[in-house]
Amino acid sequence: MPLHIIKGDISEFTNKVDAMVVPANKRPVVGYGLDGEMFRAAGFKQVMTQRKAMGNLRLGQAKETGGFAIAKYLIHTATPMWLGGTSGECEKLKNCYINSIKCADRLGLKSIAFPLLSSGNMKFPRGVAYETAVQALKERLSVHDSLDVYLVKHYDDELDEFIKAENIYEHSDCTLEQLERTQADLRNFQNPDKEVVWYLTNVTDHIAIQAAKDAQKKSFEEKLPKYLADNPDKKSEDLKRERFYEYFETCGIKAAKLAELICCDKATVSRIKNGQTLNPHKKTMIALAIAMRLNTEQRYDFINCSGHAYPSEKMDYMIEQLMCDGYKRLSDINDVLYDIDKKWILIGNSTDENSRRKSRTKEK
């Protein structure tokens, strides 16, 4: 379930998503806020007729009506009032998001847009409303992988501190116009593979990363003819192998230190460095590339020359996004990967939470 956090207005999603979420009153009445605006945009009489037939809603409950002029459906969810945080308001607000997603899933929808619920007339502090929304939607990420979700915060909302506090991977913090332009840019690539298409819906810098991937491939292909001409008894795999070992020599970090950084024994790194391990594990290569502090093109080259395509999988693109977002320490990247999918852990034991925590102290 890709989650996009968009700066803008919920009205921008008119006829661009299957469902738009309406912050509703518990009773079938309409207030003077966003609910009224959405009713009028969709067709007040038509929506109100179905809303009255729906009856009362419990706080956190979600039910659908037709969307008429603005979407296939409107999903109405009864939002709580802020009472100081002592009356379970956050849990009730969380249920608004979860139950709306469940409703969309029951209807077989492909996309849904949420305003920042309860942040207006219901007086929730916007930071609290935002954190609650992200927490609720994160809970659904692992069980709904076919629904595009848009959380729309108003242009004037200044919530960057909360965005930084959350895992960067889960949103594209941009306007809808920017997101659509990015999608158009992707379509200009020749035959983008399915992982790149997946990447578009999950992270923000896919154009730069794809361009670096293309540059690395082009650089290698340009060097290959001369190498083969100078070494007629060798093949392209020999050039890859030589380039791979050269990175160990030029990075300036000894095998013992590299082993410490990637939480493995020195003998393992030494065998890889000396060519005794012919097929090193991809995760080990990624960890080494990060620990060696290689730049983007070098990192791609090093891992590809080790015998692995990179970036080529969801995990790879997520790592590259984290690097673009300023993550440099292997232990920090490892922590985020663990939180996304325990199978993605680069260092430590994925079944041992303590080892993941201990890994943080390994790199300084």
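1. Start with Ile112. Leaving out residues up to four places away in sequence, Ile112 touches Val17, Ala19, Val21, Ile75, Ser100, Ile101, Ala104, Leu147, Asp148, Val149 and Tyr150. Ile112 sits in strand β5, residues 111-115. Is Ile112 buried or exposed? Its relative accessible area is 0%, so Ile112 is buried. The cut-off for buried is under 20%. Phe13 and Ile112 are 99 residues apart in sequence, yet their C-alpha atoms are 9.2 Å apart in space.

2. Now the whole chain. This is a predicted model. The protein has 364 residues, and 49% of them are buried. Its secondary structure comes to 16 helices and seven strands. Take the contacts between residues at least 6 apart in sequence: 65% of them join residues at least 24 apart.

3. Look next at the nonpolar cores. In soluble globular proteins, nonpolar side chains tend to be buried together. Here the largest nonpolar core has 41 residues. Which residues have the most contacts inside it? They are Leu288, Met292, Phe302, Ile319 and Leu337. Eight helices each supply at least two residues of this core: α8 (206-230), α9, α10 (255-261), α11 (266-273), α12 (282-291), α13 (296-305), α14 (314-324) and α15 (330-340). Helix α12 gives the most, with seven residues.

4. Ile319 is then in contact with Ile286, Ile290, Tyr310, Ile333, Leu337 and Leu346.

5. The buried residues in α9 are Asp238, Leu239, Arg243, Phe244, Tyr247 and Phe248. An α-helix has 3.6 residues a turn, so residues three or four places apart point the same way. Compare that rule with the numbers of the buried residues. After the helix comes Gly252, with a positive phi near 75°.

6. Arg243 has a relative accessible area of 13%, so it counts as buried; the limit is under 20%. What does Arg243 touch, beyond residues up to four places away in sequence? Its contacts are Ser219, Phe220, Lys223, Asp301 and Cys305. Phe220 is 23 residues from Arg243 in sequence, and their C-alpha atoms are 9.8 Å apart.

7. There is one cavity of 30 Å³ or more. The largest cavity holds about 40 Å³ of space. Which residues line it? The lining is Ala24, Asn25, Arg27, Val29, Val30, Asp35, Phe39 and Arg51. By class, that gives four nonpolar, one polar and three charged residues.

8. Asn56 is in the loop between α2 (44-54) and β3 (62-66). Asn56 counts as exposed because its relative accessibility is 55%, and the cut-off is over 50%. Not counting residues up to four places away in sequence, Asn56 touches Lys26, Arg27, Pro28 and Gln61. Arg27 also lines the largest cavity. The C-alpha atoms of Asn56 and Ala78 are separated by 9.2 Å, and the two residues are 22 apart along the chain.

9. Some backbone angles need a second look. Asn15 has a positive phi, near 60°, and is not a glycine. Asn15 is in the loop between β1 (3-8) and β2 (19-24). Its relative accessibility is 53%, so Asn15 is exposed. Arg293 also has a positive phi, near 55°, in a residue other than glycine. Arg293 lies in the loop between α12 and α13. With a relative accessible area of 54%, Arg293 is exposed.

10. Last, a peptide bond to inspect. Where is Pro311? Pro311 is in the loop between α13 and α14. A cis peptide bond joins Tyr310 and Pro311, with omega about -10°.

Conventions: Residues numbered from 1 in each chain as written. Predicted model: local features only at pLDDT ≥ 70, side-chain atom pairs only at ≥ 80, totals over all residues. Heavy atoms only, no water. Buried < 20%, exposed > 50% of the residue type's maximum accessible area, 1.4 Å probe, protein only. Helix = DSSP H or I, 4+ residues; strand = E, 2+ residues; numbered from the N terminus. Core = buried A, V, L, I, M, F, W, Y, C linked by side-chain atoms within 4.5 Å. Contact = heavy atoms within 4.5 Å. 1 Å grid on protein atoms, 1.4 Å probe; cavity = no way out; pocket = protein on both sides within 12 Å on 5 of 7 lines; lining within 4 Å. Points joined across faces, edges and corners; volume = space filled by probe spheres on them. Nonpolar A, V, L, I, M, F, W, Y, C, P; charged D, E, K, R; others polar.
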